[in-house]
Amino acid sequence: KDQCQAACDRWLAAWTLVKALHRPEMRTADSFQAVYRRDLYHLNNWCFELLSELHNAGLGEPSYAEHRITFAQEFLAFFPDESDDTRLEYRRAIGEALWRLGRYAEAEAFFAETIEMFPNLAWAYISWSDQYWLWDDSRHDYERGEALLRRALERPNLDTPEDVHDR
């Protein structure tokens, strides 16, 4: 646990350098990568791994859930032209971190907004539904979670209905 948090601290320090090197015309992580050392580890992968490790660190220390929110918001602001799937992944991270912090009303509103933005992406619904049954035993509401999944399945152009059925 301590090693994960220490690694996140270093990662976040490196993220500060990325932000300092960023220029407004760099609207995707790939465009940043094209300017700064294409032969290094890919920035998109690096950021996804940081997002994941901030989740892990946040399980033991809530301040890392806050860091996860901030990092995801900054990534989305710096790279607004990322794919819908990538933008959804970062928005999911924000909603999940809000939930983990007990900011349920804010998380609910954020997940609802995310579904409005990406109505045909199954994982927008799945990540919200998961909050009702997968993580916090004290907040289980299977009916609400199922209703969100059923709502996803009502979308005729849902991208991956099989993922919803798996849930």
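Let's begin with the helices around the second largest pocket: α1 (2-21), α2 (29-35) and α3 each supply at least two residues of its lining. Please keep in mind that this is a predicted model. The notes below go through this pocket and then the largest one.

**The second largest pocket**

- About 280 Å³ of space lies in the second largest pocket.
- With four residues, α1 makes the biggest contribution to the lining of this pocket.
- Sorted by class, the lining of the second largest pocket has 10 nonpolar residues, one polar and one charged.

**The largest pocket**

- The volume of the largest pocket is about 380 Å³.
- A total of 24 residues line the largest pocket, and those closest to its centre are His 55, Arg 68, Glu 96, Arg 100 and Trp 135.
- Two or more lining residues of the largest pocket come from each of α3 (43-60), α4 (63-78), α5 (84-100) and α7 (122-130).
- The largest share of the lining of the largest pocket belongs to α3, which gives eight residues.
- By class, the lining of the largest pocket splits into 11 nonpolar, five polar and eight charged residues.

**A helix to look for in both**

- Helix α3 supplies at least two residues to the lining of the second largest pocket, and α3 also provides eight lining residues of the largest pocket.

Conventions: Residues numbered from 1 in each chain as written. Predicted model: local features only at pLDDT ≥ 70, side-chain atom pairs only at ≥ 80, totals over all residues. Heavy atoms only, no water. 1 Å grid on protein atoms, 1.4 Å probe; cavity = no way out; pocket = protein on both sides within 12 Å on 5 of 7 lines; lining within 4 Å. Points joined across faces, edges and corners; volume = space filled by probe spheres on them. Nonpolar A, V, L, I, M, F, W, Y, C, P; charged D, E, K, R; others polar.
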